[in-house]
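Welcome to the tour! Open your viewer, switch to a cartoon view, and follow along one stop at a time.

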Amino acid sequence: MLTWQRSAASAEAAVPIAAPLVDEPAADSHSETAVFAGGCFWGVQGVFQHVRGVTAAVSGYAGGGAATAHYETVSGGDTGHAESVRVTFDPTQVSYGRLLQVFFSVAHNPTEFNRQGPDSGTQYRSALFPLNPAQRKVATAYIAQLDAAHSFKAPLATRVENYTGFYQAEGYHQNYLTQNPGNPYIAINDLPKVENLKRVMPAIYRADPVLVRTN
């Protein structure tokens, strides 16, 4: 499915949820990386670009191999890839657990299996790709916490997968939300997510997004 052929549907409402009970310990480093997959990467990237403490959010592909990490191929749904976002952040300002809270509450609907809103296929699955054992521990514990608390109307469909690499998406996908606010898909599905971040988590909302350099 080509980008301009994406259909529109009503945006998912944000679900206020508790912070994770298990999080990474306080870090001395000022840079950490995490990879999130939550449907179309336009909206997920746009949300994380507005999170205080995030220094970069790049759209791309994770879960498959380098040879198939191209939009037209990934869109076939049989490459193993998920549309993903690589988030680089300062853990002294925002923790991995806090980013997970944004991911589950605001960035997508984690109860949908192999789809998000109008988009369907394995490439739109909800998945986390921990880069180290600490992230895996936090992600697994938080999913269990949210399910045990019945934080959503259905069990989470989010998978914790092995990280095998991240491949940056084509330049025209980067900063898509910021550059195309009038696109009906963005206006209906994704801009409300940024507004939800501002409303539900105002302490970590940043008005000016951190954008990807594409040239």
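Which residue in β3 is the bridge partner of Glu32? Select Glu32 and look across to β3: the bridge partner there is Phe89.

Before going further, two notes on reading the model. Residues are numbered from 1 along each chain as its sequence is written. This is a predicted model, in which local features need pLDDT of at least 70, side-chain atom pairs count only at pLDDT 80 or more, and totals for chains, interfaces and linings use all residues, while side-chain values use heavy atoms, with hydrogens and water left out.

**Stop 1: the whole chain**

Zoom out. The chain has six helices and eight strands; helices (H or I, at least four residues) and strands (E, at least two) are DSSP runs, numbered from the N terminus. Along its principal axes, the C-alpha trace spans about 40 × 40 × 35 Å.

Now colour by burial. Buried residues make up 52% of the 215 residues; buried means under 20% relative accessible area, exposed over 50%, and partly exposed in between, using a 1.4 Å probe and protein chains only.

**Stop 2: the sheet**

Select the strands of the open sheet. Its six strands have the order β7-β6-β1-β3-β2-β8, with mixed pairing; two strands pair if DSSP finds at least two bridges between them. Why is one side of β7 and of β8 left without a neighbour in the sheet? Both stand at the edges, each with a single partner strand, so one side of each has no neighbour there. As background, strands of a sheet pair through backbone hydrogen bonds, either parallel or antiparallel.

Return to β3, residues 82-89, where seven of the eight residues are buried. Strand β1 (residues 32-38) runs antiparallel to β3 and is joined to it by five bridges. Strand β2 (residues 54-62) is also antiparallel to β3, with eight bridges joining them.

Next, click on Tyr61. Its bridge partner in β3 is Glu83, and Tyr61 also stands opposite Tyr167 in β8. The strands β2 and β8 pair in the antiparallel sense over three bridges.

**Stop 3**

Select residues 96-107, helix α3. How many of the twelve residues of α3 are buried? Eleven are, among them Tyr96, Gly97, Gln101 and Ser105. The helix packs on the sheet, touching β1, β2, β3 and β6, where contact means heavy atoms within 4.5 Å. The direction of α3 makes about 15 degrees with that of β1, with axes being lines fitted to C-alpha atoms (for helices, over the stretch in contact) and angles running from 0 to 180 degrees between N-to-C directions.

Now show side chains. In the largest nonpolar core, of 48 residues, Phe36, Phe48, Val51, Leu99, Leu100 and Phe104 touch the most other members. The largest share of this core, eight residues, comes from α3. Here a nonpolar core is a set of buried Ala, Val, Leu, Ile, Met, Phe, Trp, Tyr and Cys residues joined through side-chain atoms within 4.5 Å. A second, separate core has nine residues, including Ala37, Val58, Ala62 and Ala127.

Centre the view on Phe104. Leaving out residues up to four places away in sequence, Phe104 touches residues including Ile17, Leu128, Tyr142 and Phe152.

**Stop 4: a covered lysine**

Is Lys193 buried or exposed? Select this residue in helix α6, residues 184-200: Lys193 is buried, with a relative accessible area of 12%. The side chain of Lys193 reaches the backbone oxygen of Ala107 at 3.1 Å. Beyond neighbours within four places in sequence, Lys193 is in contact with Val47, Val106 and Ala107.

**Stop 5: two asparagines in loops**

Finish with Asn114, in the loop between α3 and β4. Asn114 has a positive phi of about 55 degrees although it is not a glycine, and it counts as buried at 18% relative accessibility. Then jump to Asn175, in the loop between β8 and α5. Phi of Asn175 is near 60 degrees, and Asn175 is buried, with a relative accessible area of 2%.

Technical notes: A polar contact is a pair of N or O atoms within 3.5 Å; within protein, one must be able to donate a hydrogen and the other to accept it, and residues adjacent in sequence count only if both atoms are side-chain atoms.
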